[in-house]
Amino acid sequence: MAADDTATTTVGARGTIGGALTELRARLEADPAFHDLVHGLIEADAEAGEPILSIGAPDGIRPALASARATLSPIVVVVPSGREAEELVDDIRSWYD
């Protein structure tokens with residue numbers, strides 16, 4: 001980093017980069033599909049009866065979606081194992097300051 005660069009980056013226990021991706025999330029918001037998912041502008045299935053949105057997405061975008069949505073309201077993310085839950089928590093933390 002240059003001497004005049006004030007950005008700080010911390011590396012977590014699992015090698016995650018804390019806060020390094022916050023600016024990238026703002027750029028992702030410019031993508032219409034990402035924006036619509038985050039802001040709940042996707043129409044729910046009328047037969048579902050409840051406002052539940054199940055998203056199938058590539059592993060790499062899941063933490064970005066989760067962190068962006070969590071800035072608006074609490075969310076629940078379901079993963080198949082405790083190990084994957086721990087990894088996802090670390091990954092999501094990389095999207096916050």
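**View 1. Residues that line the second largest pocket of a predicted model.** The lining consists of Asp-59, Arg-62, Pro-63, Val-79, Glu-84, Glu-87, Leu-88 and Asp-91. A pocket is an open set of points on a 1 Å grid over the protein atoms alone, where a 1.4 Å probe fits, with protein on both sides within 12 Å along at least five of seven lines; lining residues have an atom within 4 Å of a point. This is a predicted model, in which local features need pLDDT of at least 70 and side-chain atom pairs count only at pLDDT 80 or more, while totals for chains, interfaces and linings use all residues. Residues are numbered from 1 along each chain as its sequence is written, and side-chain values use heavy atoms, without hydrogens and water.

**View 2. The helices beside the second largest pocket.** Helix 3 (62-70) and helix 4 (82-93) each supply at least two lining residues. Helix 4 gives the most, with four residues. Helices here are DSSP runs of H or I with at least four residues, strands are runs of E with at least two, and both are numbered from the N terminus.

**View 3. Space and residue types in the second largest pocket.** The pocket holds about 180 Å³ of space; this volume is the space filled by probe spheres set on the points, which are joined across faces, edges and corners. Its lining has five charged residues, three nonpolar and no polar. Asp, Glu, Lys and Arg count as charged, Ala, Val, Leu, Ile, Met, Phe, Trp, Tyr, Cys and Pro as nonpolar, and the others, Gly among them, as polar.
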